[in-house]
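Here is a friendly walk through one protein model, from the whole chain down to single residues. Keep the structure open beside the text as you read.

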Amino acid sequence: MTEATLPRTARFDRLGTLLGVTGVAALAGLSFVLVKANRIVPGIPRSLLEAAPPLAGWACLACLALAATAALFVFNARLRLGAALLGIGALLLALGAAGDALTPLGNRVVRISAGPAFWVVLVCLGLMATDAITRMRPGPARRVLWLAGFIAVAVLALKSGRFDHLSVMREYAVNAERFSRELLRHVLLAAGSLGAAALAGLPLGIACYRVPRIREAILGALNVIQTIPAIALFGILMAPLGALAAAVPLAGRLGIRGIGAAPAVVALFLYSLLPIVANTVQGLRRVSRQAVEAARGMGMTPGQVLLRVEMPLALPVIVTGVRVVLVQNIGMVTVAALIGGGGLGTFVFQGIGQTAIDLVLLGAIPIVALAFSAAVVLDALVEVMDRVKQ
Amino acid sequence: MITVENLSKVYDGTTVVDAVSMVIEKNTTTVIVGTSGSGKSTLLRMINRLVEPTGGRVLIEGRDTREEPAHLLRRRIGYAIQGHGLFPHRTVAENIGTVPQLLGWSAARIQARVEELLQVFQLDPKAYADAMPHELSGGQQQRVGVARALAAEPAVLLMDEPFGALDPIIRAKAQEDLLEIRRRFGTTIVLVTHDMDEAFHLGDRVAVMSGGRLLQYDRPARLLTQPADPFVARMTGMGDRAMRLLSLTTAGEAALPGRGSGPAVTASASLREALSELVWQGADSAQVVDADGTARGHLTLDAILRHGRPS
Amino acid sequence: MRPATLLRCAALALLVSFLLAPQRFAPLFAPLTQYGAPPIYDQGNLLSLALAHLGTVCLAAAASTLLAVTLGILVTRESGREFLPLSRTLVNIGQTFPPVAVLAVTVPLVGFGERPTLIALFAYGLLPIFENTIVGLQTCPPAVLEAASGMGMSARQRLFKVELPLAMPLILEGVRLSLVINVGTATIGSTVAAKGLGEVIIAGLLSNNTAFILQGGLVTGLMAILLYDGMAAFERRLLRSVRIE
Ligand SMILES: Nc1ncnc2c1ncn2[C@@H]1O[C@H](COP(=O)(O)OP(=O)(O)OP(=O)(O)O)[C@@H](O)[C@H]1O
Ligand SMILES: [Mg+2]
């Protein structure tokens, strides 16, 4: 292979240039906030300096300029991360300040929401921060700490009241009580079906590993289930569950109904089986033959070999399956709202129904945050387990 | 003829090849040896510009290699590496025909050449032309790799540890193939190896490298008898240098006139092998015969031992 | 192998015959309806809905394949190396976004109808293809690449004659994943007024007609399975000739 000549000698960062140019173009050409007289009417675009109070606007611009400079000329990953975070903070505070400034005192009808320029600049800064973090290669513990820190800062910032005049927060204020209920329900649905799938999937996986004859058939069937679209599977399950509830009154009293949480949980359970079973088989197959031989040679019974040697060694791969399932479930629970299963999807589909973007965001942002946090935490767990194993 | 002038390569401030100059004669085999990381591969790869030199230049037949685009240069130079690098998605015939195809040969000419090469390497074209690489044994894959490097009749063949992964028997066979190729096609061969026996067996000249510098570049016998440097002496093996020296001369070359007595050794065997045979049989002289059994002369223990000393 | 082929053909035959003459299946669905509701979806032509659904899915997948493969090639070239670590992280993060969320966020930006669905399918479909393209191109055996350059292939020839063919099985696997996810996400597209089979399911949910739900579910399910299976068979065929140790 011919070797690279360019990157190391380049005087400015190409990714940074791309991000910087995009960000500046967005700020110059697109609107920073949209002001709506009420929830439904189209918004009136306003630029950053028009929207935010002068001091806040210029301070934000200064921070953004600093971040852009860092993006172009600074190569130290830590400094770049710092600059990007500074930019993100300034951007958010400016948006909050714009919300305060544009809302007439006591007016609860006017809606201030983030405009395209805000989102584009936020994405650019986010990419810059992500790139810097990627280059710093933080270890698993550090990544989880970072995540916890971000969540804490986000919660504190939202509680501080600085953002209360933004329309997403308005929607939150209206739905505060329901929000915590649906959030909890979302998590319960996702985690509950995962737990059930783990209980059933581990023995099934072990059986598939031990009995190659059934492996093909079971994995094939689970694969087919995975390809069925979520909404279709929810729908298909409604019929038999409804029939069950009608035929067995006890089932109905236990909450099993054709509509609601029951079909969602069953469907999610079915979807979750494949990654867990497949990864259990995969993990067990990767356990070194010598380790198993040694354990047998020491006089362990087959059960002891499984519990003390094979399963612990296969665990990282199995947890990888759990990660896939959890992230997938958090997304799919959203769809459950369509069949009355509840969860944050309720806001999403209500928002779509009412053309209320802020209501959609009130559902979608926490879903993405949940899925992302689950991925970070479980990835870190897998990495730690892999290290312990070596 | 390949002329290497003051060739250097620097990676991030580390000099990996340090002002190497050497002249490689046409139709010879030059073997580069040295410790791991001494810059052998880098030197080799600068000849076909897989690595661009930091300083110095390479001339092939008097022409600076930088005069033409690198990929066109490489089509004229054969290149074979350890692990053969066969294209797993192409048949054996397509693999061998890669460079001729790049050069725009006609299909008939490519096919004829592929068959010729398969025969040279004792692979039946009917059985192997349409096989996929993964269907071949390691030794066969390696032979196809060399055949592919030779496909466009290159005047120069560069080889980087081509036989490194082969077992001793197949390796010996591959070495004989290589000598045969040079005889048959008159190819100039430059080969990198870690195996000193291979270096002495194949090389008309041997280049010893250490820390990026070329310590000595000479005939094998001179490397043994007049090492330029203690490192060269260590590299070529102090312990059995006499035996190495013996291995450089064949029984036919050293044969004395007249028909002797004792066991028969073939003229193409090395003196080292002849000596071993005499020790084994407890004899002190041997008859030298051709492959077909006609007498070529004789050898005595004394005569053999004289060849094992620096003269 | 034989029974599987038979099953495949049967599934295809069932799907096609249902779409061509759904009324013939009415007796099967009738027990699921109440109060004399129609057993077969009657607010549109099932065949044209299925074709629209398939069209949306394939159009989006084609567009994402084109862009994702191009981007995958760019970030694995020498000149694009700087973008590679970030690209990998982005793919990882992006895949934690639920497809529904992507769809939901697109609607407010571009309005209702086909467009948000197409855009969401396109955006979400990029990820698996992009990821697999990168992995495929990066895991080409180094000795093979070295041999290709050493024999005098130009960078372009090496890409098209060696790297892409070797990466093809993985790239196709990415396309298959995208397609299957798309079939599912496209059903949800019907909540934002895109034409597709989701309409049937949603109509069933709204009018409490289990027959509709089951029809929509079965048709999309069959379609997803057949697409998945067809692509997998195609990949196996391709793989048979390329085997990399
Ligand atoms: N692309 C590169 N970038 C940076 N350093 C390199 C590069 N290629 C080689 N080197 C360094 O140059 C030195 C010589 O490498 P080279 O491959 O030429 O050694 P070698 O003699 O062939 O070793 P071996 O016998 O192990 O194959 C090594 O220290 C290696 O780490
Ligand atoms: Mg080397």
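A contact here means heavy atoms within 4.5 Å. With that in hand, take Arg323(A), which is found in helix H13 (residues 302-336) of chain A. Setting aside neighbours within four places in sequence, Arg323(A) is in contact with Ala375(A), Leu378(A), Asp379(A) and Thr96(C). Its side chain makes a polar contact of 2.8 Å with the side chain of Asp379(A). A polar contact is a pair of N or O atoms within 3.5 Å; within protein, one must be able to donate a hydrogen and the other to accept it, and residues adjacent in sequence count only if both atoms are side-chain atoms. Is Arg323(A) buried or exposed? Arg323(A) is buried, at a relative accessible area of 16%. Buried means under 20% relative accessible area, exposed over 50%, and partly exposed in between (1.4 Å probe, protein chains only).

A word on the ground rules. This is a predicted model, in which local features need pLDDT of at least 70 and side-chain atom pairs count only at pLDDT 80 or more, while totals for chains, interfaces and linings use all residues. Residues are numbered from 1 along each chain as its sequence is written, chains are lettered from A and ligands numbered from 1 in the order in which they are written, and side-chain values use heavy atoms, with hydrogens and water left out.

Now for the whole chain. Chain A holds 15 helices and three strands; these are DSSP runs (helices H or I, at least four residues; strands E, at least two), numbered from the N terminus. Of its 390 residues, 45% count as buried. Its C-alpha atoms fill a box of roughly 75 × 65 × 35 Å along the principal axes.

| Helix | Residues | First to last C-alpha | Expected span |
|---|---|---|---|
| H1(A) | 16 residues | 22 Å | 22 Å |
| H5(A) | 21 residues | 30 Å | 30 Å |

The expected span is 1.5 Å times one less than the number of residues.

The buried residues of H1(A) are Leu15(A), Gly16(A), Leu19(A), Gly20(A), Gly23(A) and Ala26(A). Seen down the helix axis, they fall within an arc of 135°, so they line one face of H1(A); the arc is that of the directions from the axis to the C-beta atoms. On the other side, Val21(A), Val24(A), Ala28(A) and Gly29(A) are exposed. The buried residues of H1(A) pack against H3, H4 and H5 of chain A together with H4 of chain C. At the start of H1(A), a side-chain oxygen of Asp13(A) reaches to within 3.1 Å of the backbone nitrogen of Leu15(A).

The buried residues of H5(A) include Phe118(A), Cys124(A) and Met128(A). Their cover includes H1, H3, H4 and strand S3 of chain A, along with H4 of chain C. In the loop between S3 and H5 sits Gly115(A), which is buried with a relative accessible area of 0%. Gly115(A) is in contact with Ser31(A), Phe32(A), Val33(A) and Leu34(A), leaving aside neighbours within four places in sequence.

Finally, where chains A and C meet, the contact takes 43 residues from chain A and 42 residues from chain C. In chain C, Glu82(C), Leu86(C) and Thr96(C) lose the most area to chain A.

Note on methods: Buried area = accessible area lost by both parts, 1.4 Å probe.
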